[in-house]
Amino acid sequence: MENHSQNGTQDLLQVSALNCIDLSNPNIHQSVSLLKQACLDCGFFYVVNHGISQEFMDEVFAQSKNLFQLPLNEKMKLLRNEKHRGYTPVLDELLDPDNQVHGDYKEGYYIGVEVPEDDPDAEKPFYGPNVWPEDDVVPGWRQTMEKFHHEALEVAKAVARIIALALDLEVDFFDKPEMLGKPIATLRLLHYEGQVSDPSKGIYGAGAHSDYGLITLLATDDVMGLQICRDKDAKPQIWEYVAPIKGAFIVNLGDMLERWSNFIFKSTLHRVLGNGQERYSIAYFVEPSHDCLVECLPTCKSEDNPPKFPPIRCATYLSQRYKDTHAELNVYNNHQT
């Protein structure tokens, strides 16, 4: 299925063949083997039979569309706050400043772990109350998103257990309280309005980047747009499309897991090219708790392969990565009247 053009352009539709992990498969060794191969190879794979019904996924996409179809002045009332909760306008995010002329041609909406204002944890950078639209503006929206947030976390934990086994760790390694027991988990609804991307002019739906955290679950509609680059150092870079599969999550590893595993597992460069069609996707980013110390896993180092990174707290690492890619909030002051 893969046809690589010589100059890295899309003369031919290059579609990647990714491994598919069936979470209902009773043969855990088979799942571990497939996942390990994917993590060593390209850091992307599909997950099916994950337990979230197709009916509910359809509802989440419908509610996402309901929000993005609101007039811009209504959406700007929900503008993201300093905790990265709420609406992010088109061009707000710049993921690949070396190659992008403008920011990403997408709008988004962040929903994190709900922590009340009076909870001591609300002081931490990625916890706190969410920004919710009024129920009369988008009826039932909050209930749908909170339910999906909860169900997606269970899928992420199931995937993390297979990752733990693939790294020769205990199956519940990532289930500990300081890891996914109290995670920083962010649901991000995304809408690409139908802009045509042109890499030669620096115009992208989403610029090339690797994700920051542990793992990302991605649900998409049936419009092709996501591309991956298996070897970011290749010149020219070769990009392949990842085909949407109905009912499946596309899962990819983040930089934090690459760091944790001492580069044994890899996070992979990816981007979104718009083809003129409107496109919706739903990303769920999963990281360990704020206080989790990310240091080289015991099974990923040896005398011949010492740790390549010093230990770092999860919150410190993530705060810097978000700061590097998002516009300063004061650029939107004119919209706050």
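The model is predicted: local features need pLDDT of at least 70 and side-chain atom pairs count only at pLDDT 80 or more, whereas totals for chains, interfaces and linings use all residues. Residues are numbered from 1 along each chain as its sequence is written, and side-chain values use heavy atoms, with hydrogens and water left out.

**The annotated domain and a sheet**

Select residues 183–288 to begin. An unreviewed UniProt entry places the feature "domain: Fe2OG dioxygenase" here; UniProt positions follow the numbering used here, feature names are shortened, and annotations may be inferred rather than shown by experiment. The span is 6% helix and 41% strand, and its end C-alpha atoms lie 5 Å apart. Helices (H or I, at least four residues) and strands (E, at least two) are DSSP runs, numbered from the N terminus.

Next, display β6, β11, β8 and β9. In that order these four strands form an open sheet with antiparallel pairing, where two strands pair if DSSP finds at least two bridges between them. The edges are β6 (206–209) and β9 (240–241), each of which pairs on one side only. Strands β8 (residues 226–229) and β11 (residues 269–272) are joined by four bridges in the antiparallel sense. To inspect one of the bridges, select I228 and its partner in β11, H270.

**Salt bridges**

Show the charged side chains. A salt bridge here is a side-chain nitrogen of Lys or Arg within 4 Å of a carboxyl oxygen of Asp or Glu, and the count by this rule is 13. For accessibility, buried means under 20% relative accessible area, exposed over 50% and partly exposed in between (1.4 Å probe, protein chains only).

Select D41 and R230, whose closest N and O atoms are 2.7 Å apart in a salt bridge. D41 belongs to helix α1 (residues 28–41) and R230 to the loop between β8 and β9, so this pair ties together parts 189 residues apart in sequence. D41 is partly exposed at 37% relative accessibility, and R230 is partly exposed at 21%.

Move to K75 and E107, a salt bridge with 3.0 Å between the closest N and O atoms. K75 sits in helix α3 (residues 72–76) and E107 in strand β4 (residues 107–111), and the pair links these distant parts of the chain, 32 residues apart. K75 is buried at 6% relative accessibility, and E107 is buried at 1%.

Then select R161 and D175, which form a salt bridge at 2.9 Å, N to O. R161 is in helix α4 (residues 141–166), while D175 is in the loop between α4 and α5 (177–181), 14 residues apart. R161 is partly exposed at 31%, and D175 is partly exposed at 27%.

Finally, select D121, K124, K182 and D291 together; a network of salt bridges links them.

Follow α4 from end to end. How far apart are its end C-alpha atoms? They are 37 Å apart, which agrees with the 38 Å that its 26 residues should span at 1.5 Å a residue; the expected span is 1.5 Å times one less than the number of residues.

Now select F45, Y109, F148, I163 and F174. Of the 95 residues in the largest nonpolar core, these touch the most other members. Such a core is a set of buried Ala, Val, Leu, Ile, Met, Phe, Trp, Tyr and Cys residues joined through side-chain atoms within 4.5 Å. With 13 residues, α4 gives the most to this core. Contact means heavy atoms within 4.5 Å. Not counting residues up to four places away in sequence, I163 touches L35, F174, I215, L253, L257 and F265.

Select Q63 in helix α2 (residues 54–68). Q63 is buried, with a relative accessible area of 8%. Beyond four places in sequence, Q63 touches V138, P139, G140, W141, T144 and M145.

**Backbone stops**

Select D168, in the loop between α4 and α5. D168 has a positive phi of about 60 degrees although it is not a glycine, and at 57% relative accessibility D168 is exposed. N49, also not a glycine, has a positive phi of about 50 degrees; N49 lies in the loop between β2 (44–48) and α2.

End at P236, in the loop between β8 and β9. The peptide bond from K235 to P236 is cis, with omega near -5 degrees.
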